[in-house]
Structure formats: structure tokens, C-alpha cells
Amino acid sequence: RPYGGYEYPQQGGFVPPDMMQQQQPYTGQIYQPTQGYTPASAQSFYGSNFEDEPPLLEELGINFDHIWQKTLTVLHPLKVADGNIMNETDLAGPMVFCLAFGATLLLAGKIQFGYVYGISAIGCLGMFCLLNLMSMTGVSFGCVASVLGYCLLPMILLSSFAIVFSLQGVMGIILTAGIIGWCSFSASKIFISALAMEGQQLLVAYPCALLYGVFALISVF
Amino acid sequence: MGAMGGAPGPRSRPPSHPAPAHPRQRGGAGTGTMAAPGAAGGGRSGAPAAEWGGFEDNMQGGGSAVIDMENMDDTSGSSFEDMGEMHQRMKEEEEEEAEGEAGAGEEEDGEFLGMKGLRGQLGRQVADQMWQVGKRQASRAFSLYANIDILRPYFDVEPVQVRARLLESMIPVKMINFPQKIAGELYGPLMLVFTLVAILLHGMKTSDTIIREGTLMGTAIGTCFGYWLGVSSFMYFLAYLCNAQITMVQMLSLLGYGLFGHCITLFVTYNIHFHSLFYIFWLVVGGLSTLRMVAVLVSRTVGHTQRLILCGTLAALHMLFLLYLHFAYHKVVEGILDTLEGPNMPPFQRVARDIPVVSNAVLNTTAKAIALTL
């Protein structure tokens, strides 16, 4: 082979051999993460065609329209949920809702972001195990976290109410019970439509009610 | 530079075999299998171009890693670029020697010749491979041992069944002559344990209980799950000793459903604070669920002594647990309530010389309660 001097690869990055076989072009879908989309290949991708890069929001998987749709599904408890809406695990909305919940608690004088984080993590884990045991098809952790996060929205209403009024009277108890029921009803509705578990809505709603009850406990006390 | 002309390619070498100083040894760059990390050492080539070209060959798994020195540059020292390159190479060699061996023995002869970038890539590839292998092994072990699917049949229930079993758990059976059926499901008991946790948390929050070492949530979960799992295991062990016909899942299920009485009692008495009410609930509700569990156990055990041991232990543990939960997690409220049950006077009201006659005990407890809240 002739000696050709320094011949560095054009992209300036070393692409490992197995990656080169598996690398797929970015198809622009935001629904599923593309396989093999590792930072190494992202760099080389970036190096080669800057104009073909997808827009930032699409690359991050944040689709505001879908977030809005899912929010509406949660807010109308009697609206029938579409089973497909939870196919994409979107954690941007739930993250926003958890932060909003923590912020409303902060406005009421309770600095409890740590509790919100811990309880949501443990709660999601518990629901994940339970739903995997109870459903025919399995469920992914991201889906569970996403659904539970979206259904936290009414709890934000409760904690914003708690900024102005105390929830420790009879009215507070009734309101809290109503909001817990609303959250768990929405969550169980989405779960059973996504997992096709008919007739078990109450069985799924009860653990959700317990989880949201703990959140309500943080808001009230 | 011991030239071993007939040496086979690095991939066919066993990994433990140390690679001798081998100028022709190609660095393991591009070996998709790290089967011969030892032989990957000493990789250097005189020509980067040849290296890159041969790199591709190596990746596809063909060809030997031995580079023919004949194809190396023959412009040794003649051109300016080569001088620069050799100078650079020597500097890098020094650096690498100074750094010492790193990775899977790639620098056996201490003269790892290659781009600095290449070595970085090599290290990264090694790490990548190790990660893949490790991940595969971990997932295999996980799917073998932590297979959650073995619990799947115990969660296959309908709401109607759960409700029926909850109600049945408060009704003692009459017939103890032949073994009573125990539903071997885990959904109901698990939900009841979680409900108990929630009720405990609620009770602790309303009474402003302060747990010094630990958190409220951790204490509640630890207590309830500890009771459920621990007492079930203990009773299962006793049942084994007393030759009772009961399996572990059935024991868990039985005890779990027995917690339904506890949940009702605590829910009511944490919100309505009367001692006498609690004792009534303790005897009636706790007693009913205990009787049910005892009857089921008796129906499955033979022999008077064994029945006595088993049922006595279970009854004692069950009732004492309810007592413990009531008193350990709600006691701060009692002190304050004693003062409130006296004459209805706010403590800081200034009434000169018109102090109504209250007993010393009430005054003392008021003072204590105020000191506690301060």
C-alpha cells in the first residue's frame, strides 16, 4: 500500500467498527428513539451535515401539541382516553408538572422538592412493578412515569389552593378527597386503556389513590 | 526487536500469553473481539496511512495483523514531514513510557506507536466491549434471579373478589373440622399494607410526631412491611413446627387480610380521639379479624397443643400490634387533648384573680404541652 502521509478520517472522530454497522440515519420521528444514536455518532453526524440536523425540540422529543393533548385528557375525567397516546414516553411534561407542584408548595412556605422527588420515584417504581404483574403485556417504566406525572396536574390545583386557604378544615378534607379521586381516576383510565385491562380499573385506581394521597398529605400538612 | 516472522495474528493468541516485543504486532485497534488483549500490545506501525487502511481490513475480521515492514515508508528521514512525524512519535513514546502500562497490556514493549487519538479510541473501545459483556451478564443474572413473573399468578384478581375477601376477613368461620380455603393472592394484602402505611403517615402528620432518626415515610413503611413479612415468616415457621397445612403465600395472604381490621380501627381512632372508643374498636374489630385467622389456622392444624401454640401466638401478635400502632404513633395528641377536655379556657387569657378552679393535673399537663410545642 502506498504511503500517503497523514490521512485522518474526514469527520475527525473515530467511529467504532460495530457502530458503523448499526448506525441508522435519523429519520426525524420523535416517537421512538433511534437505535445506536450514541454521542459518538452524533458528533460525526454533526460534523458532516449541519443543515440536515433536526430542530432542537424535535431532537429532544418535546412535542408541545402532544403535551397539550395529554393534559386535556387528564383534565377531562370523563373523556375517553385513547390507548395510543401513551406510546411515546414523554417525560418533559411530567417534569414540568413536578416542578410546578414543588413551586406551588414553595409559595405556601414548604420547601419540599426532595420529598416530591423521592415519593414520585418510589411511587413510579411501585406502580411499575404492580402493573407489570397485573397486565398481560408488560409496561415500560417510562410509560408509567409519564402517566403518573401527567395525572399530577389536579394536585397542582390543590396545592395552589393551599397557598391561600388552609386545607385542614372539613372543606379542605372534601376538596382533597375529590382531587385525589380525580387524579387516580384519570391515571387508572389511561392505564387500562393503554394496557387493555378491562374490569380492573378499580384495582389500578386504588394504588394510584394511595400515591396521590401521599402527595396530598404533603400539600395539606 | 525480536522479529518473529512466523507468528500468527493476535486474535489466535490466548489472552494470557504476553505478547513479546513485536514490532510487527498491530495494535489491537480494530479487533472487534477482545479475545487477545495481550496480543494487542505493541501495536505500532510506521505508516499511519497503512495503519488506517489495514484498520479497515482488521475490522472486517480478515487478514492478519502483521504488517509487512516493506510497505512502510522508505522515505525515512528524508522529507521534512517524516522528520516531524518521527519526532512526534518519539515524544509520544516517551510520554507513554512515562505513563506506564495502561489498558490490556497494549504497551508490552513500552513503545506504543500510534496516534494519541488512536490510543484514546482503543481505550474507549475496550471500555465499550467490557460494558457490553458486563451488561449482558448482568441482565442474564437479573432475569434469572429477579424474575418478577413468578409472582404474576398471585395478582390475577377481580375487584369483586377483592371486596368479597375483605368482607370475609372480618367474619369468623364456624366450621373448623376440615381445612378452610385460603385465597392465595397477594394483591389485597399488599394494598392493605400500603393503606396501613398511608394511615400511619396521616396519623403521624396530624399529631406532629417527630421521628428523630429516620423519616416518617421510612418508619411507616418499615413498620408495616416488617410486621407483614416478619410475622408471616415467623408464623410460617411455627406452622412448620406444629405441622399445620399452610403455605407461605397463604400465610402472607391470611395475615395481610387480617390487617383490614387494623386499617379500619386506626382510621377511625386517629381522627376521633377517645380512649374508650379505641378500646372498643380494638376488642371488637381486632378481635373479629383475629378470630377469623385463628379459626382458619385451627382448621388446618391437628392436635391441641399445636393449635394452642399457633393460635395463641398469632392472636397475641395481632392484637399487640394494633395497640402498639395506636400508642406509638399518636401519643402527642393525647397530652394536648387532656387539657382541652378540661374547662374550655384558652391558656393565655389574662384573667386577673379570676382563675377558674382547675385541677393541678390539668395545669401541669397544660404547662408540659406548651413547653413541648415551643
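A: Happy to! Keep in mind that this is a predicted model.

Q: What is a disulfide, in general?

A: It is a covalent bond between the sulfur atoms of two cysteines. Here, A:Cys183 is in no disulfide, and its nearest cysteine sulfur, that of A:Cys151, is 7.1 Å away. The cut-off for a disulfide is 2.5 Å between the sulfur atoms.

Q: Does A:Cys183 count as buried or exposed?

A: Buried means under 20% relative accessible area. A:Cys183 has 0% relative accessibility, so it counts as buried. A:Cys143 counts as buried too, because its relative accessibility is 9%.

Q: And on the surface, which residues form a nonpolar patch?

A: The patch is made of A:Leu91, A:Met95, A:Leu99, A:Leu106, A:Ile111 and A:Phe113, with about 600 Å² of accessible area together. Helix α5 of chain A, residues 92–107, gives the most to this patch, with 3 residues. A:Leu99 sits in helix α5 of chain A, and its 53% relative accessibility is why A:Leu99 counts as exposed.

Q: Which residues does the UniProt annotation "transmembrane region" cover?

A: The unreviewed UniProt entry gives residues 91–108, 115–133, 139–165, 172–197 and 203–220 of chain A. To read such a span, look at its helix content and its ends. Residues 91–108 of chain A are 89% helix and 0% strand, with end C-alpha atoms 26 Å apart. For residues 139–165 of chain A, the span is 81% helix and 0% strand, and the end C-alpha atoms lie 39 Å apart.

Definitions and conventions
Residues numbered from 1 in each chain as written. Chains lettered and ligands numbered in written order. Predicted model: local features only at pLDDT ≥ 70, side-chain atom pairs only at ≥ 80, totals over all residues. Heavy atoms only, no water. Patch = residues over 30% accessible without salt bridge, like charges linked within 9 Å, V, L, I, M, F, W, Y side chains within 5 Å. Areas by Shrake-Rupley, 256 points an atom, 1.4 Å probe, with all protein chains shown as cover. Salt bridge = Lys/Arg side-chain N within 4 Å of Asp/Glu carboxyl O. Helix = DSSP H or I, 4+ residues; strand = E, 2+ residues; numbered from the N terminus. Buried < 20%, exposed > 50% of the residue type's maximum accessible area, 1.4 Å probe, protein only. UniProt positions renumbered as here; feature names shortened; annotations may be inferred.
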